[in-house]
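Please look at the protein shown below, and then follow a few questions and answers that read its features step by step.

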Amino acid sequence: MTDEKLTLNQRISKFVEILSQEDWAPDGHNDKQGYWFISHKKIKRNVSKASLDAGLVWKIDYDSLTPCEAVGMMKQHYIIRAVGRLSDVNDANSCETYIAYGEAADSGDKAISKAQTSAFKAIINNNFFIADVDADAEEIISNNDSIKADARTGYEARQEIFNDKV
């Protein structure tokens, strides 16, 4: 069957197959909280490549921006809804819709764009089973959380994890 004859579901299946072969190792690091993550840039690059190869087109709209109470020093705090439409490159009327919400707070002016990134990542990660972190990063986050649960500081948590690695 030629690519022009593929159904939307067959294209989405091809998309998922291509995504599963991409590099999803975390490439960003949050120095303040000590964890690794997959950057928005890397997710967009991988999704863009897989979409093109599968004959799909993405359209993401953001709406329902909701201001929330400040979080500590972070005066900007928002929740936003993302509606993603994945359509067949040969038939724009043949599409699948995905909805997710993103939330972010920021002390500067980036809370809205961070909330959009959060919503976009949620669409991709939740619908196409992309892991946010690898096993090593998951262990670090788990260790950090358990140390903090023992009422020790974030600094003590990072120091203990560092000592364990050495």
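Q: Are F15 and F128 buried or exposed?
A: This is a predicted model, and its values are therefore computed from predicted atoms. A residue counts as buried when its relative accessible area is under 20%, and as exposed when that area is over 50%. By this rule, both F15 and F128 are buried.

Q: What kind of pair do the rings of F15 and F128 form?
A: A pair of aromatic rings is described by the distance of the centres and the angle of the planes. Rings pair if their centres lie within 6.5 Å, and planes over 60 degrees apart count as edge-to-face. For F15 and F128 the centres are 5.0 Å apart and the planes stand at 85°, so the pair is edge-to-face.

Q: Which residues do ring pairs link into a cluster with F15 and F128?
A: The structure holds six aromatic pairs. Ring pairs join F15 and F128 into a cluster with two other residues, W58 and Y98.

Q: Which residue of β5 is the bridge partner of I79?
A: Strand β4, made of residues 76–88, pairs with β5 in the antiparallel sense, over 13 bridges. A hairpin joins β4 to β5 through two residues. Within β5, the bridge partner of I79 is E103.

Q: Which element gives the most to the lining of the largest pocket?
A: The largest pocket holds about 860 Å³ of space. Of the 23 residues that line this pocket, the closest to its centre are N30, Q33, Y35, F37 and K114. At least two residues of the lining come from each of β2 (35–37), β5 (91–106) and α3 (111–128). The element that gives the most, with eight residues, is α3.

Q: Is C95 buried, exposed or partly exposed?
A: A search of the whole structure finds zero disulfides. C68 has 27% relative accessibility, which lies between the limits of 20% and 50%, and so C68 counts as partly exposed. With 34% relative accessibility, C95 likewise lies between these limits, and therefore C95 counts as partly exposed.

Key: Residues numbered from 1 in each chain as written. Predicted model: local features only at pLDDT ≥ 70, side-chain atom pairs only at ≥ 80, totals over all residues. Heavy atoms only, no water. 1 Å grid on protein atoms, 1.4 Å probe; cavity = no way out; pocket = protein on both sides within 12 Å on 5 of 7 lines; lining within 4 Å. Points joined across faces, edges and corners; volume = space filled by probe spheres on them. Helix = DSSP H or I, 4+ residues; strand = E, 2+ residues; numbered from the N terminus. Phe/Tyr/Trp six-rings, centres within 6.5 Å; stacked < 30°, edge-to-face > 60°. Buried < 20%, exposed > 50% of the residue type's maximum accessible area, 1.4 Å probe, protein only. Pairing = 2+ DSSP bridges. Disulfide = S-S within 2.5 Å.
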